[in-house]
Amino acid sequence: MTALAARADLPDHAPHILVVDDDRRLRDLLSRFLYEQGYRVTAAASAAEARAKGANLVFDALVLDVMMPGETGFDYARQIRQTSQVPILMLTARSNPNDRVTGLEIGADDYLPKPFEPRELILRLNNILRRSAGSGPVGAAAPLDAVRFGPFLFRVERGELTRDEEPIRVSEREREILTILALAKGGNVAREALTGGAEPGNERTIDVQMNRLRRKLEDDPANPRYLQTVRGIGYRLVLD
């Protein structure tokens with residue numbers, strides 16, 4: 001078990017994530033970020049190392065890189081699915097859309113193209129843990145329960161938006177966008193992090209979706225108070 005997993009300030013029932021990536025820098029960054037978000041983390045540099053750790057430990061989910069030397073992430077996921085339905089989030093190369101198709105055929109639960117926004121990884125990991133458990137990530141320290149901005153309240157886990165306690169109808173994509181912005185806690189979020197994994201050429205569609213959201217949130221959508229554009233970066237949600 002890694003040093004991160006051995007720290008004593010995480011509860012024993014916190015979800016245990018296995019990070020498998022041959023890129024040491026990314027592996028360390030992912031491990032640290034997941035730990036800071038309330039997950040126990042074990043890291044492996046190869047499928048063989050992951051398999052050895054899995055012989056002695058039980059994991060709640062895997063974050064698995066596709067392109068690894070020798071046995072690839074696809075090979076390892078295919079072997080796992082012979083005996084286990086543990087959730088798998090695969091890290092794929094944006095330049096290779098066929099990765100998603102192959103991953104679906106194998107049985108991966110979700111995909112995240114590199115480079116990615118760490119908060120988006122947490123969102124997707126929470127989603128697959130929720131689907132796996134039938135509820136929120138078991139034992140996880142929820143990254144955020146709810147955020148307030150003006151008369152609005154957005155409950156992150158439920159995906160519910162209300163204004164003065166009156167519900168506001170939002171689409172699935174709008175709910176996902178609000179969740180990513182809420183998890184940023186008022187910070188800037190890159191446009192590509194809000195695209196839902198779309199190809200780079202489709203990133204402009206996020207502007208259309210933002211305009212729709214502004215019509216629901218803003219008294220004057222042309223001069224937004226809450227859903228603000230950050231020039232050269234993306235957007236941010238201004239919280240109370």
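User: Where does tyrosine 235 lie?

Analyst: Tyrosine 235 lies in strand β12; strands (E, at least two residues) and helices (H or I, at least four) are DSSP runs, numbered from the N terminus. This is a predicted model, in which local features need pLDDT of at least 70, side-chain atom pairs count only at pLDDT 80 or more, and totals for chains, interfaces and linings use all residues. Residues are numbered from 1 along each chain as its sequence is written, and side-chain values use heavy atoms, with hydrogens and water left out.

User: What makes tyrosine 235 count as buried or exposed?

Analyst: Buried means under 20% relative accessible area, exposed over 50%, and partly exposed in between (1.4 Å probe, protein chains only). Tyrosine 235 has 3% relative accessibility, so it counts as buried.

User: Which residues does leucine 194 touch?

Analyst: Not counting residues up to four places away in sequence, leucine 194 touches Arg173, Ile177, Ile180, Leu181, Val189, Ile206, Met210 and Tyr235. Contact means heavy atoms within 4.5 Å.

User: Which residues touch the most other members of the largest nonpolar core?

Analyst: They are Phe149, Phe154, Leu161, Leu181, Leu194, Met210 and Leu217, out of 27 residues in this core. The elements giving two or more residues to this core are β6 (146-149), β7 (152-155), α7 (172-183), α8 (205-217) and β12 (234-237). The largest share, six residues, comes from α7. A nonpolar core is a set of buried Ala, Val, Leu, Ile, Met, Phe, Trp, Tyr and Cys residues joined through side-chain atoms within 4.5 Å.

User: Why are α7 and α8 called roughly perpendicular?

Analyst: α7 and α8 pack at an angle of about 85°, with their axes 11 Å apart. Angles of 65 to 115 degrees count as roughly perpendicular, under 35 as roughly parallel, over 145 as roughly antiparallel and the rest as oblique. α7 and α8 are therefore roughly perpendicular to each other. The contact involves residues including Arg173 and Leu181 of α7 and Met210 and Leu217 of α8.

User: Why are the buried residues of α5 said to line one face of the helix?

Analyst: In helix α5 (residues 98-106), Asp99, Gly103 and Ile106 are buried. Seen down the axis, the buried residues of α5 fall within an arc of 60°, so they line one face of the helix. The arc is that of the directions from the helix axis to the C-beta atoms. The face turned away from the buried side of α5 carries the exposed residues Asn98, Leu104 and Glu105.

User: What do the buried residues of α5 pack against?

Analyst: The buried residues of α5 pack against α4 (73-80), β4 (88-93) and β5 (110-114).

Methods. Axes fitted to C-alpha atoms, helices over the stretch in contact; angles between N-to-C directions.
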